[in-house]
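Let's take a walk through a protein model, one stop at a time. Keep the sequence and the picture open side by side as you read.

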Amino acid sequence: MGVSPGGETREGQPSVRALAAARTWGEARQVRMIHLWNPAGAEYHDPEDGYADDKPFTITEVGAVADGDWPQMVTGRAFTVLPQDLQDRYGKRQVTVHNGDYLEIGVAGEGELVAELRQRGYEVTRDDELINLLGGFNLGSQAS
């Protein structure tokens, strides 16, 4: 299930694709992230440390991607996307030492949750390709 209040999760999609498509570190550093941080940014991969703007870029060379830390788990984004009362009613916080906490939402309550979100004006659709992209699948991480 993809939840999109005003397009929030969909807005991350172009930035993930754009970073994956970058051909040089310079291009990768220029990708504007929406609701995400850029793991190829100069603060993480300085040009003076061997990541020159014209050096070929492969997303799998980015440590955060290779380690499965970027992009953030989609289930972790539920804490910022879903209203707190719905998190409390339908979800359960799960703790992991690897990539932070995530919100587990049981399939049994999915229909009621979707109905409540739509009633509040959220656009709710099922888009497995988008969820996998925003979760970093097929970006080359060990977690994919």
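Before anything else, here's a word pair you'll need: a residue is called buried when its relative accessible area is under 20%, exposed when that value is over 50%, and partly exposed in between, using a 1.4 Å probe and counting protein chains only. Helices (H or I, at least four residues) and strands (E, at least two) are DSSP runs, numbered from the N terminus. This is a predicted model, where local features need pLDDT of at least 70 and side-chain atom pairs count only at pLDDT 80 or more, while totals for chains, interfaces and linings use all residues. Residues are numbered from 1 along each chain as its sequence is written, and side-chain values use heavy atoms, with hydrogens and water left out.

Now for the big picture. The chain has 7 helices and 4 strands, and reading along the sequence gives you the pattern β-α-α-α-α-α-β-β-α-β-α. There are 144 residues in the chain, and 39% of them count as buried. Contact here means heavy atoms within 4.5 Å. Take the contacts in the chain with a separation of 6 or more: 60% of them come from residues 24 or more positions apart.

Let's zoom in on helix α1, which covers residues 8-21 and includes serine 15. Serine 15 is buried because its relative accessible area is 3%. What does serine 15 touch, leaving aside its neighbours within four places in sequence? The answer is Val31, Arg32, Met33, Ile34 and Leu36.

Next, the cores. A nonpolar core is a set of buried Ala, Val, Leu, Ile, Met, Phe, Trp, Tyr and Cys residues joined through side-chain atoms within 4.5 Å. The largest one has 16 residues, and the members that touch the most others are Leu19, Ala40, Phe57 and Trp70. Helices α1, α2 (25-30) and α3 (63-66) each give two or more residues to this core. There's also a second, separate core of 10 residues, with Leu82, Tyr90, Leu103 and Val114 among them.

Val114 brings us to helix α6 (residues 110-119), whose buried residues are Leu113, Val114, Glu116 and Leu117. Looking down the axis of α6, these buried residues fall within an arc of 165 degrees, so they line one face of the helix. (The arc is that of the directions from the helix axis to the C-beta atoms.) Which residues are exposed on the other side of α6? Those are Gly111, Glu112, Arg118 and Gln119.

Time for some charged partners. A salt bridge is a side-chain nitrogen of Lys or Arg within 4 Å of a carboxyl oxygen of Asp or Glu, and the whole structure has 7 of them. One joins arginine 89 and aspartate 85, at 3.6 Å from N to O. These two are 4 residues apart in helix α5 (residues 84-90), so they are separated by about one helical turn. Aspartate 85 also forms a salt bridge with arginine 120, where the closest N and O atoms are 2.5 Å apart. Aspartate 85 lies in α5 and arginine 120 sits in the loop between α6 and β4 (123-125), so this pair ties together parts that are 35 residues apart in sequence. Arginine 120 is partly exposed, at 38% relative accessibility. Another salt bridge links aspartate 101 with arginine 93, with the closest N and O atoms 2.9 Å apart. Through shared partners, salt bridges join Asp85, Arg89, Glu116 and Arg120 into one network.

Last stop: the rings. Rings of Phe, Tyr and Trp (its six-membered ring) pair if their centres lie within 6.5 Å; planes under 30 degrees apart count as stacked, over 60 as edge-to-face and the rest as tilted. The structure holds 3 aromatic pairs. In one of them, tryptophan 25 and phenylalanine 57 have ring centres 4.8 Å apart and planes at 90 degrees, so the pair is edge-to-face. This pair links distant parts of the chain, with tryptophan 25 in helix α2 and phenylalanine 57 in the loop between α2 and α3, 32 residues apart. Tryptophan 37 and tyrosine 44 make a tilted pair, 5.1 Å centre to centre with 50 degrees between the planes. Finally, Trp25, Tyr51 and Phe57 form one aromatic cluster.

Methods:
The arc is that of the directions from the helix axis to the C-beta atoms.
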